[in-house]
Amino acid sequence: ADVGLLQKTAENMLQTLNGILDYGKIKSGRMRLNPVAFNIGECIKSIIEIFTPLAQKNGIELSCDLSGLSAPSINMDPVLIKQVVFNLLNNAVKVAPNGKIRLTVSSDDDKRLIRVAVADTGPGIPEDIKETLFDAYVQADPMKSKGTGLGLTISKNIISFLGGTIRADNNPEGGAVFSFNSLRTRRTKRHCHIAAEHIVDR
């Protein structure tokens with residue numbers, strides 16, 4: 001086994017577990033923002049590299065499209081962005097065995113936006129839970145899910161904290177598409193706090 005890949009996998013598993021602690025920080029109304037300049041293309045590729053063995057094990061065709069990135073270097077908090085992408089890919093792998101997952105990243109320089117979309121060929125999102133899908137402990141298919149039910153809630157509040165939006169849609173061709181956009185940050189050293197009223201936990 002590739003020792004480097006195993007180390008990356010372990011680090012990201014730990015990052016996922018720490019998501020529960022992050023949820024506690026969000027609910028308490030305190031989360032720190034540490035934006036730095038980093039290459040989002042390389043960041044996404046490293047996440048894809050981690051998920052490739054798991055995708056192959058589950059018969060999933062995993063692909064990535066970075067052609068919409070006008071400039072790979074951006075100013076954002078890479079830890080928070082990685083956690084959201086990791087959460088969305090992790091969910092997609094659970095619901096799309098023997099299917100396809102496509103991760104697309106694009107940028108809009110005029111609006112200083114980065115858009116990330118994860119499309120899968122799973123069963124889609126049941127209509128009766130679409131409105132509450134991002135609430136804590138809500139799962140599209142509780143019988144198949146082995147997670148905490150906090151991944152999408154954490155992701156939504158992280159993206160709100162970063163000044164963006166996140167949404168989930170059913171793909172007309174089958175499956176679901178989870179996407180988010182986030183504002184790039186101008187300043188490189190800053191500490192922010194998310195207001196408690198931004199929390200969604202019904």
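Modeller: Gladly. In this predicted model, 5 strands make up an open sheet with mixed pairing, in the order β2-β4-β5-β7-β6. From one strand to the next, the twist averages 15°.

Colleague: What makes β2 and β6 stand at the edges?

Modeller: Each of them, β2 (61–68) and β6 (165–170), has a single partner strand, so one side of each is left without a neighbour in the sheet.

Colleague: How do you know that β6 and β7 pair?

Modeller: Two strands pair if at least two bridges are found between them. β6 and β7 have 6 bridges, in the antiparallel sense, so they count as paired. Across from Val177 in β7 stands Asp169.

Colleague: Which helices pack on the sheet?

Modeller: α2 does, touching β2, β4 (100–108) and β5, and its direction makes about 170° with that of β2. α4 packs on the sheet as well, touching β6 and β7, with about 135° between its direction and that of β6.

Colleague: And the aromatic rings: how many pairs does a search of the whole structure find?

Modeller: The search finds 2 aromatic pairs. One is Phe51 with Phe86, at 4.9 Å centre to centre and 55° between the planes.

Colleague: Why is that pair called tilted?

Modeller: Centres within 6.5 Å make a pair; planes under 30 degrees apart would be stacked and over 60 edge-to-face. With 4.9 Å and 55°, Phe51 and Phe86 fall into the remaining class, so the pair is tilted. Phe51 lies in helix α2 (residues 40–57) and Phe86 in helix α3 (residues 78–95), so this pair ties together parts 35 residues apart in sequence.

Colleague: What makes Phe51 count as buried?

Modeller: Buried means under 20% relative accessible area. Phe51 has 3%, so it counts as buried, and Phe86, at 8%, counts as buried too.

Colleague: Why is the pair of Phe134 and Phe178 edge-to-face?

Modeller: Their planes are at 70°, with the ring centres 6.4 Å apart. That angle is over 60, so the pair is edge-to-face. Phe134 sits in the loop between β5 (113–120) and α4 (151–161), while Phe178 is in strand β7 (residues 176–183), so parts 44 residues apart in sequence are tied together. Both Phe134 and Phe178 are buried.

Colleague: Which residues touch the most other members of the largest nonpolar core?

Modeller: Of its 46 residues, those are Val85, Leu89, Phe178 and Phe180. The element giving the most to this core is α3, with 9 residues.

Definitions and conventions. Residues numbered from 1 in each chain as written. Predicted model: local features only at pLDDT ≥ 70, side-chain atom pairs only at ≥ 80, totals over all residues. Heavy atoms only, no water. Phe/Tyr/Trp six-rings, centres within 6.5 Å; stacked < 30°, edge-to-face > 60°. Helix = DSSP H or I, 4+ residues; strand = E, 2+ residues; numbered from the N terminus. Buried < 20%, exposed > 50% of the residue type's maximum accessible area, 1.4 Å probe, protein only. Axes fitted to C-alpha atoms, helices over the stretch in contact; angles between N-to-C directions. Contact = heavy atoms within 4.5 Å. Core = buried A, V, L, I, M, F, W, Y, C linked by side-chain atoms within 4.5 Å.
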